[in-house]
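Good morning, and thank you for joining this group meeting. I would ask you to keep the sequence and the structure in view while I speak.

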Amino acid sequence: SPLSGSHQSDAYLGWSGKPNLRLRFRRPEFDALVEHDAEGWRQPKPPRPAVPTSRILVLGDSFTWGWGVSQGQVFTDLLQAALPATAAVYNRSVPGFGTAQEYLLLERELAARVYDTVVLMFYMNDLSDNISTRQGRRPYFELVNGDLRPRNQPARPVINPVGQFLREHSRAYAFAQFELELLKRRFSGEANDEREYRTAPAVDFHDVPGYAVTARLLGEMQRLARQHGARFYLVYIPQRSEIELDAPFPYVRSIHAMVDDIARREGIPLLDLSPPFHQHAKAREQLIYPIDSHWTPAGHRVAAAALLASPIFQPLRDAGASTRRDAGPA
């Protein structure tokens, strides 16, 4: 389990990565090596420059953390490898995080380090994550008379201490849990949220639970980044039907329209990954795992290429090209 196996309780964020971690994350669809650095973040490969002149903060959930891919295959690693040696990409992503937790993390990161650019990766399950309490284990916000009010802050321990002990000290317990999870996935044939997206009708996104607080959080994140002198970008991660079908599911179209509307009203630059993913999928590239629905290594390569070609990273690439031209031949 990537949550209990590679993460620990965090009263401020709900949960965070275990420091100095090295483990195998295996499921029928993939077999990946996961490493965390001394602070509990996914270990970058290649490493960041020791003294960067540009810092890019990337926030997200399991897609951005690199669920199902090994070290060096995460799209932030591919960005780091392609950018000039003076630029540093900081992947600050945690599986299961919603926008509320990413907002709290953004506050902490901006207080600790100067960033030039903040990139927030958004997937539609962030809506439900932003109003999910997880029995007090997830910090979140409610809108009260137009103001964001913190809830579950500090958060309760996310992992039961007894269960955690058994997972870490009993191979039999860990094996039984792993096999049970495989059985459940084998019989379901698809992830639970994928089934919900497929069967849900089109909606007025203004009426979707989580819409109002999500819209407010995105606006606040942009304002916070600007207060610290950083550019803020929103990146939309497409759902499976937007990648593989010519006509996405009705509910998915509604939520996509919601993201477009929030970005327009708040003046947030938005990069939509749907077109490049759909184009590559039509060429029969497997960009997401059949059941798991996270990106394959090919999916991470498509995401990295789209980001590099976008206004988010183009200035850095242009600056690097200019520096190489000025230096002349070696």
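I begin with helix α11, in which Tyr 251, Val 252, Ser 254, Ile 255, His 256, Met 258, Val 259, Asp 261, Ile 262 and Ala 263 are buried. Please bear in mind throughout that this is a predicted model.

Does the length of this helix fit its residue count, or depart from it? With 17 residues at 1.5 Å a residue, α11 should span 24 Å, and its end C-alpha atoms are 25 Å apart, which agrees. Just after α11, Gly 267 takes a positive phi of about 70°.

I turn now to the charged side chains. In general, side chains of opposite charge can pair when their charged atoms come close. The count of salt bridges in this protein comes to 14. Which residues are linked in a network of such bridges? They are Arg 216, Glu 220, Arg 223 and Glu 266.

With a relative accessibility of 35%, Arg 223 counts as partly exposed.

Arg 223 also forms a salt bridge with Glu 266, where the closest N and O atoms are 3.4 Å apart. This pair links distant parts of the chain, since Glu 266 lies in helix α11 (residues 250-266) and Arg 223 in helix α9, 43 residues apart. Glu 266 is partly exposed as well, its relative accessible area being 23%.

A further salt bridge joins the side chains of Glu 244 and Arg 240, at 3.3 Å from N to O. These two residues are four residues apart in helix α10 (residues 240-244), so they are separated by about one helical turn.

Ile 288 is buried, because its relative accessible area of 5% falls under the 20% limit. What does Ile 288 touch, leaving aside residues up to four places away in sequence? The residues are Arg 240, Ile 243, Glu 244, Ser 293, His 294, Trp 295 and Thr 296. As for Phe 277, Ile 288 is 11 residues apart from Phe 277 in sequence and 9.8 Å apart in space, C-alpha to C-alpha.

I close with the protein as a whole. There are 14 helices and 11 strands. Of the 330 residues in the protein, buried residues make up 52%. Among contacts with a separation of 6 or more, residues 24 or more positions apart account for 71%. The accessible surface comes to about 15,300 Å², and 54% of this surface belongs to carbon and sulfur atoms.

Conventions. Residues are numbered from 1 along each chain as its sequence is written. This is a predicted model: local features need pLDDT of at least 70, side-chain atom pairs count only at pLDDT 80 or more; totals for chains, interfaces and linings use all residues. Side-chain values use heavy atoms; hydrogens and water are left out. A salt bridge is a side-chain nitrogen of Lys or Arg within 4 Å of a carboxyl oxygen of Asp or Glu. Buried means under 20% relative accessible area, exposed over 50%, partly exposed in between (1.4 Å probe, protein chains only). The expected span of a helix is 1.5 Å times one less than its number of residues. Contact means heavy atoms within 4.5 Å. Accessible areas come from the Shrake-Rupley method with a 1.4 Å probe; for residues, only the protein chains shown count as cover.
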